[in-house]
Amino acid sequence: MVGRDEELTRIRALLADARAGRSAALLLEGAAGIGKTTLLDSARSLATGFTCLSATGVESESVLAHAGLLELLNPVRERLPDIGDPQAAALGSALGWSTADMPVDRFLVAAATLSILAAAADTAPVLVVVDDLQWLDHESAAAILFAARRLGPDPVAFLFAARTVSATGAARDLPVLRIPGLTDSAASRLVPPGVSADVVDRVVTATHGNPLALLEASSRLSAGQRVGAVPLPDPLPVGDRLQTYYESVLSGLSADARWLLLLLAVAPESPAAATSAFERERGDAAGALDEASELGVLVADGRGFGFRHPLLRAAVLRLATPAQRRRSHRAIADALPPGVPTRARHQAEATVGADDRIADELTRTADTDRLRLGFAAASAALERAALLTQAPERATERLAAAAEDAFLAGDVTRTRDLVARVSESSAPREVRGRALFVLGMLEQYAGSVPRSVEHLAAAADLLEGVQLVRALTELAMARFRLNELDGIAEAAARIDGVADLADPEQRLLARFTSGVAAMLRGDLETGLAWLTEVRVLAVSGELEDDPRAPLLLALAAGFSGDVEDAMAAGAARIDDIRRRGALGLLVPALGIRAAGRAWLGDHAGAFADAGEAAELAEQIGYAADASVAVEMLAWQSAARGLHDDAAAALARARVLTDLAGTTRFAAHQALTAAFCALCRDDLAQVVALLEGRIDADGGIGARGEPLGVAPLLVEAYVGLGRADDAATLTKRYAASTLSSAPALTTALVARCLCLTAVEDSAARSALENALDAHEAAGDPFETARTRLLYGARTRRAGHRVVAREHLRAAHEAFVSMDLTLWARRAADELAATGATARRRGPVADEPLTSQETRVALLVAQGMSNREVAAALFLSPKTVERHLGSVFRKRGFRSRTQLAHAYARAADSAPA
């Protein structure tokens, strides 16, 4: 290596971290020919004692799901039995290691990738090397990067190389080392002897220090050019001009060698088929292989022959005429046996114009790809099938289906492009409606909610039947995010007019949307009846495979307040989602369950669910409803005194809602931020935030309740000595609350009356009303907060005995909920009365993190470290580290002691 001391130092440090048991990653970024591949080779040489696993992205294979992962993991295939089902089954199916015909879930495959790398690292450190990351198929890149982000105290080093970071968006958060051109002195050392100093300077300058350009250009200089007697070639093969140079190299090959290279270039996944196709037409391929190898175009590797550089393959394809490329694809297709999925693709590339027979074959291939390779491969096959389809209507149907698969694959750019092509065509109404529905869902998950409303509304004008009911339901939820209550009612009314209630799915969607609309307009009796039916339908056998059912069940519970029954009914469904590894669905499910657990007082479980949902959402690039989980994470962190963590979560939630265009409608976000400020004792910030909400929309609450900001704002007013403002707001809040309001709202109104009462007797009466309503509402945290506030008031009034009763109950409740900050506040208030808070079990002054809490809950269920790792998509060593921290912070000496401490929360923890 010449001139790469700094880069090699970084690579040595990466390997040292892995040897010390710390997983780390590094992305090398640089232009073609800059030396990235050589640095990767050097890393392998330096990795003494490592298990080295490698994969290389190939542009033509970028739509072949898991192609790169198969190359990477094949050497450690024997570790598959070391990871539990269903991860092993999913990975085996995705990579063709098993004959099981099961759908491939990309997130379960990602979890399995992490697990098998961690298992391989049990015996020796592992070096994972990925070259040309920008061309690696989406599924493989996602799985490998998922493992790189989540492995912790594991001896695994990840080294990636890519042309540009922007071309590898999934790796945007990796540490990046940009590889520059060589310095003049280093570059000059690559120029062969006998070249004059002046010529060396000109070559180095012209190539900008690009090592490959230097080597290629200087090796081609004539004797006269070496000494400066003859002008240098113009242009020199530098930067983008390397392509031109490679074309000149290829032009010197014989016709047979060029034909063999073209066959290899169009079928890099099938080198044997390329050789067979050549020999069918021209005889033995040995001479052509030798010729291409001697000229340095092909090099031998462990699998046969491959192109020495990707630009050589690109040059071969660029030099071939369209007719030659079609002919080569036809030859490959003829060499492949019937039934091989790639055969249909080569037949398609060999075809000019429409061919319904091949289009139908490609469509069948897409159905297979969807199960075995993933949605990206299925989308590519359907797109090509559409181009070969003679009937325009059928062609646009296939384009719309390709758009749906692209959306499920997470390919935002292709989804938009495919939808645009459907929209610009003369597609039937139903097909244009399907395309717009996909675009509306895409905007809702990864874009702007206002734009989502536009697309879903347009889709609803074109669709019929169950597709229309689905679109209207999504439209209602998008409008809810924008606080468009009339729009929700309108969507519900349209669903009622078109839904076939004999179809369980349509009945579920109709009852959910109408129930939410009724609740928001104040018709609680009708709303509760319909949302109760949602619960029955969502857990029925007819809808057990419907991925939306558990989410609608949880959302219905949030609106109706029937959280405990819904949590019990939906627990098995969410646990099944986890076991299947469907992380995309798990993110919103965990976010909603976190809210339900918090409502029931299981704040350890809520902290665990919210933290996991937030981490997974960020790591897999999933944004739909992620802000809900991130806000809950902020709330839980603040309640434990982890103010920096809470601030970071709030900032991230703001980014997500800004992206979605919902920040100004996000009352829940303002309320969370106000609660975090309250936990920091920043009452002025509480007032600023919530008075701003009153100005924006009248101060509605997170579930649309009138003046829902009042409880926190009244408390802040009282704390700041603004008694008149507190009393005025309390009167408005009480007046705007219906007698039929949910029990928690009634309890909070009574709390405000208690806080603002002038006479002690009035405060006691309000407290009694509040506690009665709290008992009906079943929210232990708010009950404890009411007791804390009243206990503090009575202590200041000199009634210490009464104060102790309420403060002690509040303290015990906060301790049982693992809310460290509030437990400390209650203990301080109790100490001010002359009493001491009773401690039960180990001291818990230092709060656990969300991930530590997750580990503690699962260990409390009796799970082993390996089982916990599989459930949480972590490595066993990461689990071991977190468990050690739990033992240190809580003073536990055994798993039995931990299990006893978390018995209540563990009973409802994810299995």
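I take contact to mean heavy atoms within 4.5 Å. Helices (H or I, at least four residues) and strands (E, at least two) are DSSP runs, numbered from the N terminus.

**Entry 1: the model.** I noted that this is a predicted model, in which local features need pLDDT of at least 70 and side-chain atom pairs count only at pLDDT 80 or more, while totals for chains, interfaces and linings use all residues. Residues are numbered from 1 along each chain as its sequence is written, and side-chain values use heavy atoms, with hydrogens and water left out. I looked up the pLDDT, the predictor's confidence in each residue, from 0 to 100. The protein averages 86, and 91% of the residues score at least 70. Over residues 906-911 the pLDDT falls below 50, and this stretch has 19 contacts in the model beyond near neighbours in sequence.

**Entry 2: helix 34 and helix 35.** I examined helix 34 (residues 667-679) and helix 35 (residues 683-697), whose axes come within 8 Å and cross at roughly 165°. Axes are lines fitted to C-alpha atoms, for helices over the stretch in contact, and angles run from 0 to 180 degrees between N-to-C directions. Helix 34 and helix 35 are therefore roughly antiparallel to each other. Angles under 35 degrees count as roughly parallel, over 145 as roughly antiparallel, 65 to 115 as roughly perpendicular and the rest as oblique. I recorded the crossing of this pair as left-handed; that term applies if the near helix is turned anticlockwise from the far one by less than a right angle, and right-handed if clockwise. In helix 34, Ala667, Ala670, Leu671, Ala673, Ala674, Ala677 and Leu678 meet Leu683, Gln685, Val686, Leu689, Leu690 and Arg693 of helix 35. By class, this contact of helix 34 with helix 35 has eleven nonpolar, one polar and one charged residues. Ala, Val, Leu, Ile, Met, Phe, Trp, Tyr, Cys and Pro count as nonpolar, Asp, Glu, Lys and Arg as charged, and the others, Gly among them, as polar.

**Entry 3: helix 39 and helix 40.** I found helix 39 (residues 760-777) packed against helix 40 (residues 780-796) at an angle of about 165°, with their axes 10 Å apart. Helix 39 and helix 40 are therefore roughly antiparallel, and their crossing is left-handed. Among the residues of helix 39 that meet helix 40 are Asp760, Arg764 and His774; those on helix 40 include Glu782, Arg787 and Tyr790. The contact of helix 39 with helix 40 has five nonpolar, three polar and five charged residues.

Entry 4: I traced five strands forming an open sheet in the order 2-3-4-1-5, with parallel pairing. Two strands pair if DSSP finds at least two bridges between them. The edge strands, strand 2 (51-56) and strand 5 (176-178), each pair on one side only. Neighbouring strands of this sheet are turned by 15° against each other on average, direction ignored. Strand 2 pairs with strand 3 (residues 126-131) in the parallel sense over six bridges. I noted that alanine 55 has valine 130 in strand 3 as its bridge partner. Helix 5 (residues 106-120) packs on the sheet, touching strand 2, strand 3 and strand 4 (156-162), and its direction makes about 135° with that of strand 3. Helix 6 (residues 138-150) also packs on the sheet; helix 6 touches strand 1 (24-29), strand 3 and strand 4, and its direction makes about 135° with that of strand 4.
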